[in-house]
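Here is my note on the model. Please read it with the structure open.

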Amino acid sequence: MRRGLTLKTVRNILYITRFLWKADKRIFFLKSIHIILLALTGPANILLTKYIIDHLAPGADFTNIVLVILAIVLCSLLAGMLNTVFSYFINPLNYWTVIRDMNNRVLYKANRLDLECFGNTEFYNRYTRALSEADARANTVFGQLFSFFQSLTSLISILSVLLVLEPMIIFFSLASVVA
């Protein structure tokens, strides 16, 4: 039973992903860029801060340190601006595109049905439930799918920073998880 449910879930995710790909291919590209930038902002700030700390010494050239500080500020501003653009413009536009396309698809399929089907109360209840859930479910799956990839990208970038800074931290972290 559990395996059948998992396969059905994976098929549903793939179906929604294909549907969203057909609806708007640009959103996948933009969301991918957004995920990568969000995942890289934290580790970049850590590495740049490490660079500043490593180069703070008496008689050090502060022009490089000032440039690194400016780079940190610009990265943070860029990430904040992109977050705002996604939150207030791209995500709502995508949301309404998905609602429109999903409702059009459900209505197209309903138009091809025989009118007698709508007289069946069980069918009609399923149809109205599907109509009310279709668009929200598609957007939820889309959001969760990209949240998963964002978490995965963040994990990889943090592990990369740990490898650069101190590889033994990864060993002790894994050892504490296993124990």
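1. Start with a definition. Helices here are DSSP runs of H or I with at least four residues, numbered from the N terminus. That places Glu-122 and Arg-126 in helix α5, four residues apart, so about one helical turn separates them. Keep in mind that this is a predicted model.

2. The Glu-122 and Arg-126 pair forms a salt bridge. The closest N and O atoms are 3.3 Å apart, and the cut-off for a salt bridge is 4 Å. Arg-126 reaches 54%, so it counts as exposed.

3. How many salt bridges does the structure hold? There are two. Besides the pair in helix α5, Arg-100 and Asp-101 meet through their side chains, at 3.0 Å from N to O. Are these two partners buried or partly exposed? Arg-100 has a relative accessible area of 46%, so it is partly exposed. Asp-101 is at 17% and therefore counts as buried, since buried means under 20%.

4. Thr-97 sits in helix α3. Its relative accessible area is 12%, so Thr-97 is buried. Where does its side chain reach? The side chain of Thr-97 comes to 2.8 Å from the backbone oxygen of Leu-93.

5. The largest nonpolar core has 18 residues. Those touching the most other members are Ile-16, Leu-20, Phe-28, Met-102 and Phe-142. Two or more core residues come from each of α1 (2-23), α2 (25-54), α3 (62-111) and α5.

6. Phe-28 deserves a look on screen. Which residues does Phe-28 contact, leaving aside neighbours within four places in sequence? They are Thr-17, Leu-20, Trp-21, Phe-142 and Phe-146. Two of these, Leu-20 and Phe-142, are also named with Phe-28 among the core residues that touch the most other members.

7. Last, the surface. Phe-148, Phe-149, Leu-152, Leu-155, Ile-156 and Leu-159 make a nonpolar patch of about 550 Å². One of them, Phe-149, lies in helix α5, which spans residues 121-165.

Definitions and conventions
Residues are numbered from 1 along each chain as its sequence is written. This is a predicted model: local features need pLDDT of at least 70, side-chain atom pairs count only at pLDDT 80 or more; totals for chains, interfaces and linings use all residues. Side-chain values use heavy atoms; hydrogens and water are left out. Patches are made of residues with over 30% relative accessible area and no salt bridge: like charges are joined within 9 Å, nonpolar side chains (Val, Leu, Ile, Met, Phe, Trp, Tyr) within 5 Å. Accessible areas come from the Shrake-Rupley method with a 1.4 Å probe; for residues, only the protein chains shown count as cover. A nonpolar core is a set of buried Ala, Val, Leu, Ile, Met, Phe, Trp, Tyr and Cys residues joined through side-chain atoms within 4.5 Å. Buried means under 20% relative accessible area, exposed over 50%, partly exposed in between (1.4 Å probe, protein chains only). Contact means heavy atoms within 4.5 Å. A polar contact is a pair of N or O atoms within 3.5 Å; within protein, one must be able to donate a hydrogen and the other to accept it, and residues adjacent in sequence count only if both atoms are side-chain atoms.
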